Amino acid sequence: MRWLLLLALALPPWSAAAAPTRRVAVLVAHPTGGPDTEPLQYPTRDAEKLGAVLTELGGFAAEDVAVLTAPTGPQVAAALAQAEARVGQAKAAGERALLLFYYSGHAASGDLQLGAQRLPMATLQQALRGSAADVKLAFLDACQSGAMTRLKGGVRAPGFVVEAEPDAQAAGMVVITSSSAHEASQESDELRGSFFTHHLVSGLRGAADRSGDGVVNLEEAYTYAYHRTVSQTAGTRGGTQHPTFTYDLRGNGQVGLTRLGGRGALLFAGDAAGRYLVYDRDRDLVVGEVDARPGHPTRLSVAPGRYVIKKRTADHLLLQDVAVAAAQQRAVGEGDFQAVAFDEDVTKGPLWLGERVRRRKAWQVGARVGYQAFFDAPSRDDLFHPSALVGVQVEGQNLVARGLSLHLDAAFGGTRTAVAAGPYAEAVPVDFSVFLASVGLSFDGWIGQATRLRAGPHITGVYLRRDFRDGQAPFQDLFTLSPGAAVGLDWRWGALAVGLTVRAHYLRYATEAEDRSLGFGEGYLTVGYLP
């Protein structure tokens with residue numbers, strides 16, 4: 001079963017009078033729990049999501065956040081010792097200190113399961129209580145994770161209030177778990193992570209900011225994660241999860257966890273209503289979720305980058321691609337979404353980035369430059385001369401079937417040269433012209449996230465003409481249909497695409513003496529636009 005332990009120091013409120021605080025984190029993800037457990041899919045993703053929100057919004061320096069994947073018990077102990085050394089440095093400098101420990105993996109019978117090794121929760125709790133850090137916060141997202149809060153009489157409830165001492169800063173320890181001591185904690189393929197951590201991170205990015213003051217405090221984050229976790233797990237096969245907590249916290253009860261001001265954000269306001277999932281296109285993560293209501297603007301703080309926003313309706317999905325710059329407040333409205341079928345859900349699977357462009361039927365238009373040359377040297381010198389080309393292309397992507405596109409293109413070009421009229425005669429100046437019109441199919445495959453490889457057959461109408469500039473001979477021309485094949489490689493940046501294409505043709509023609517055939521080829525550089 002899915003187990004995540006997040007153990008962290010709670011942040012004191014941001015204020016001008018607050019002492020400087022050093023924030024240190026150890027994030028541990030372990031997918032296996034021994035021979036009697038199934039491997040987990042998303043511990044590392046959960047750790048990455050939490051680490052991102054801590055460094056972006058929580059005041060953690062990147063060098064003070066350690067991420068451990070599938071570590072041993074001694075490695076975890078060593079990481080905690082290094083973190084405690086950083087805490088000691090902060091205290092020696094007269095600063096307050098924050099220590100965060102996060103575990104994502106299996107747990108049972110009061111132990112964290114680090115593969116074949118076990119780490120008792122009581123031992124971990126004792127070590128954290130012994131830290132010199134001022135405030136300690138523990139989030140446990142796990143099967144039976146409530147065993148840790150039960151050690152100190154924890155309860156399951158939708159919220160809690162810490163009595164404040166007006167002149168004291170927050171100090172102590174808080175433990176929050178994703179489920180009770182006898183409940184399963186669960187992962188979601190749609191969320192690409194555990195339910196509880198997903199909602200915790202969403203809350204820390206702004207979905208939990210009920211007061212609208214731009215600071216998500218501990219009580220807001222827990223209350224949001226509690227309600228959303230209970231709601232979304234109520235109908236799952238694993239059963240409802242009830243987050244729990246226990247605390248020994250003194251001082252100011254408004255413990256700030258993240259600060260939202262001055263950051264890039266998605267703003268769900270106006271006609272935005274319902275549940276929205278936000279996917280990070282660059283990091284392939286579900287960064288958050290928003291439950292928007294008309295008249296109640298909700299902000300989700302995000303790093304600069306590209307995102308896909310998804311909303312599910314009764315009979316289809318709504319998808320929207322957005323880009324967010326640093327400090328930009330990007331409004332999200334219902335009118336900007338595109339409706340797609342459920343089986344076109346591009347946010348599922350490891351290669352969802354750009355999948356909407358890959359799968360949907362669409363027309364791409366482009367301009368191209370190229371070069372044509374014939375393979376037979378005598379013919380190339382005397383009859384069919386190499387030429388520069390310019391042209392246009394129209395492509396119906398996925399028009400025939402998914403991954404099978406239709407190509408229409410036309411190009412023209414020419415060159416000015418001279419041909420020998422005989423062994424002793426002077427060369428005759430010639431204008432050589434070529435006109436091409438082609439139709440073809442391509443079978444499309446994707447390399448990585450934005451590169452397309454295509455190959456397929458085509459047939460081209462070829463018109464060639466020679467005009468003798470001295471006027472001593474009439475023009476010569478040829479029209480024929482030429483079968484061939486093409487391969488190409490495209491790179492995409494949003495609606496723009498740059499492509500390289502190489503084509504080979506078979507040409508049959510007749511002279512006064514005999515029928516002949518030869519091959520010729522073209523190379524193109526194309527810049528296209530996909531509306």
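This is a predicted model: local features need pLDDT of at least 70, side-chain atom pairs count only at pLDDT 80 or more; totals for chains, interfaces and linings use all residues.
**Stop one: two packed helices**

Start by selecting residues 195-207, which make up helix α5, and residues 218-233, which make up helix α6. Two packed helices are described by the angle between their axes and the distance between the axes. Here the angle is about 140° and the axes are 8 Å apart. Angles over 145 degrees would count as roughly antiparallel, so α5 and α6 are oblique to each other.

Now show the side chains where they touch. On the α5 side, pick Phe195, Phe196, His199, Leu200, Ser202, Gly203, Leu204 and Ala207. On the α6 side, pick Ala221, Tyr224, Ala225, Arg228, Thr229, Gln232 and Thr233. Keep Arg228 of α6 in mind, as we'll come back to it.

**Stop two: Arg22 and Asp64**

Side chains of opposite charge can pair when their charged atoms come close. Search the whole structure and you get 24 salt bridges. For one of them, select Arg22 and Asp64, with N to O at 2.8 Å. Arg22 sits in strand β2 (residues 21-29), while Asp64 is in the loop between α1 (43-57) and β3 (65-69), so this pair ties together parts 42 residues apart in sequence. Is Asp64 buried or exposed? Its relative accessibility is 6%, so Asp64 counts as buried.

**Stop three: Lys310 and Glu190**

Next, select Lys310 and Glu190, whose side chains meet in a salt bridge of 3.3 Å, N to O. Lys310 belongs to strand β20 (residues 305-312), and Glu190 to the loop between β11 (187-188) and β12 (193-194); the two are 120 residues apart. Lys310 has 2% relative accessibility and therefore counts as buried.

**Stop four: back to Arg228**

Which residue pairs with Arg228 in a salt bridge? Select Glu289: the closest N and O atoms of the two are 2.7 Å apart. Glu289 is in strand β18 (residues 285-292) and Arg228 in helix α6, so the bridge ties together parts 61 residues apart in sequence. Glu289, at 0% relative accessibility, counts as buried, and so does Arg228, at 13%.

To finish, select Glu190, Arg228, Arg275, Glu289, Asp291, Lys310 and Arg312 together: salt bridges that share partners join them into one network.

How values were computed: Residues are numbered from 1 along each chain as its sequence is written. Side-chain values use heavy atoms; hydrogens and water are left out. Axes are lines fitted to C-alpha atoms, for helices over the stretch in contact, and angles run from 0 to 180 degrees between N-to-C directions. Helices (H or I, at least four residues) and strands (E, at least two) are DSSP runs, numbered from the N terminus. Angles under 35 degrees count as roughly parallel, over 145 as roughly antiparallel, 65 to 115 as roughly perpendicular and the rest as oblique. Contact means heavy atoms within 4.5 Å. A salt bridge is a side-chain nitrogen of Lys or Arg within 4 Å of a carboxyl oxygen of Asp or Glu. Buried means under 20% relative accessible area, exposed over 50%, partly exposed in between (1.4 Å probe, protein chains only).
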